[in-house]
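The following exercises concern a predicted model. Each task is followed by a worked solution.

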Amino acid sequence: MKRDGKIRGPKIQKVTGPEPFYPEVADWNGLAAWLYKTRNLFMGTTAKEGTFSHPWKVGCVWDTALGKWVITVKAGFLRGHDVVVKEVEGYCAGDATWKRETGAVNPDPMNAKTGKTFKNVPLIEKPMIPVLKWRVAASADKVVLAGSDEKPVPPYFTELGVVGAKVISVDLDTQELTVTEPETIPLSAARQLRSVEIVLNQPRPVVNFVEADGALVPSVDYPDPKKKPPFLRLQPKPPVTSTDVVSTAIIQTSLNQELHIATVWLIGPPGDLGTVEPGEDWEFVSQNWVWWNLDYSVHVKATEVSLEPVVNPALGLTGSENAQVIVDGLNAQARAAEELASSVQIDGGFWTI
Amino acid sequence: MPITNINQVTAKKGDAILPKWKLLVELVQRGFRFGRDVKLSILPGGGMLVSAVGDPYPWLHPWKVGYPDDSNMVSIRPGTVNGAVPFIKEGMRLGEVDKDTGDTPGLTLKAGEEGERTWVMVSVRGTNTIRGEETTYDMLRMDAATSLPKGMGSGGVIATDEGWARYPVAMVLWGADELAESIFQISYHNLNYVMSKAEGRTNRHFFFAA
């Protein structure tokens, strides 16, 4: 016990080592503020090109020699068959196509006028598809009915300066018309928009009728993919969807089963509203509607059509009687034709595999 | 208590620092998520540089077919048909390791001439009983062929070969010197299969992404 009466503990031995770290308040608070501010920072890796790109992926570049925009599409498959592009100019075909078709590569690859055209070029041979006709997007001088085939400019492009069209919508309950005016954009910032649709076509089965025992008997010829392969086509308007095709008579006028693969958009430079054909200073945006390879099924329902006997005009009848016989015969033929047209029903659809 | 306000971690002179330190540790653990092989650098001006190191990771999807080795054997990532993994050989499903050799067996292809094609196919015995683990080598297996099954152009109809309905998952395009030039993947997904029986007509076999 010491003289002051307090009990003291054992003497602490001094330990040698680095000086303890006492952060200044400002340092501490700075660190805390930085960590707090950046706590939700998103970090991740960016995959290098070439690791994965999905089938039907679209590219679009300006080709100087052609003086046109050309589209490339990563090879996609339909029912295991690789899809082709029809009638490809020699300049737009790759080495693989030249080698397969002629036994040698293109002797003058920089010349846009080779004078050669290849009939069916598989997408796996990477052909270029020049865009011959762009669709002018609905612009400020157009009026579009909401929900109609004429699509207004998507908001993505109006944000970039494309002037949209007036959109009219009808309230079915109140029968009121509403007109939505496009956003006003100064001329110096306004931009033009073009688009083209990439459509997959699967040749349809053909139904042939053969006359037998007073009736037309159907037989179905399915297309041989080696002779009539599925192909890609560029067209200004998107195709009618397969559902619509199935449920309406449009199927009768369409030669192929079609699927909308992608839309390619070109957006013009700001302030340039006079140019008609897109040039190299335009920018492209692709919008895929399909990302995977496909299968499809087609169902053909064809029924027999009975034939009415056609009466030939007979000699000895009066003029009006003769005319009546002809009219009856024509009517019978018309009925048969109508029955024939409605006796064939082809429907089907695509799905991903 | 999770940190919700900057004032919870700022300090005044003389404050106990340990509780605030724990909060900061919790903040860091909760807020930062580093991807694999990500390097973070702080630049002198306070900017942050996030860079990826190492090779990017390929997408190992079902049915992914690799390039052939010296013996023209291709590796196939396991995929499923109606939930069952097909057999690559008798008694062994895709992706299983052979205990004798320590290898994962693949499918041996017959090399083709330049421009020829070989399809890697999944083969299903034409029946509606393909499900789960009850399958055998005689019901569900991997095959290769130099042409697609007949009827593959007809839509919905796949002609069976001795009762087998086949569907391609990848296509090998052969180049010069019997080497594979390119491999094109056809299916990226596990598959489902159904057979549609039809009286008086050919049965229809459907494969679709699961």
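**Exercise 1.** Identify the ring over whose face A:Lys86 lies, and treat B:Arg141 likewise.

*Solution.* Step 1: A:Lys86 is placed over the face of A:Phe231, 4.1 Å from the ring centre. Step 2: in chain B, B:Arg141 lies over the face of B:Tyr137, at 4.2 Å from the ring centre.

**Exercise 2.** Classify the aromatic pair of B:Trp59 and B:Tyr188, and locate both residues in chain B.

*Solution.* Step 1: over all chains the structure holds 14 aromatic pairs. Step 2: for B:Trp59 and B:Tyr188 the centre-to-centre distance is 6.0 Å and the angle between the planes is 5°. Step 3: planes under 30 degrees apart count as stacked, and this pair is therefore stacked. Step 4: B:Trp59 belongs to the loop between strand 2 (48–52) and strand 3 (73–74), whereas B:Tyr188 belongs to the loop between strand 10 and strand 11 (191–196), 129 residues apart.

**Exercise 3.** Decide whether B:Trp59 and B:Tyr188 are buried or partly exposed.

*Solution.* Step 1: buried means under 20% relative accessible area. Step 2: B:Tyr188, at 5%, is therefore buried. Step 3: B:Trp59 has 36% relative accessibility and so counts as partly exposed.

**Exercise 4.** Classify the pair of B:Tyr167 and B:Phe207 and state what the pair ties together.

*Solution.* Step 1: the ring centres of B:Tyr167 and B:Phe207 are 5.2 Å apart with planes at 40°, so the pair is tilted. Step 2: B:Tyr167 is in strand 9 of chain B and B:Phe207 in strand 12 (residues 204–209), so parts 40 residues apart in sequence are tied together. Step 3: B:Tyr167 is buried at 0% relative accessible area, and B:Phe207 is likewise buried at 0%.

How values were computed
Residues are numbered from 1 along each chain as its sequence is written. Chains are lettered from A and ligands numbered from 1 in the order in which they are written. This is a predicted model: local features need pLDDT of at least 70, side-chain atom pairs count only at pLDDT 80 or more; totals for chains, interfaces and linings use all residues. Side-chain values use heavy atoms; hydrogens and water are left out. Rings of Phe, Tyr and Trp (its six-membered ring) pair if their centres lie within 6.5 Å; planes under 30 degrees apart count as stacked, over 60 as edge-to-face and the rest as tilted. Helices (H or I, at least four residues) and strands (E, at least two) are DSSP runs, numbered from the N terminus. Buried means under 20% relative accessible area, exposed over 50%, partly exposed in between (1.4 Å probe, protein chains only). A charge sits over a ring if NZ of Lys or CZ of Arg is within 6 Å of the ring centre and within 35 degrees of the ring normal.
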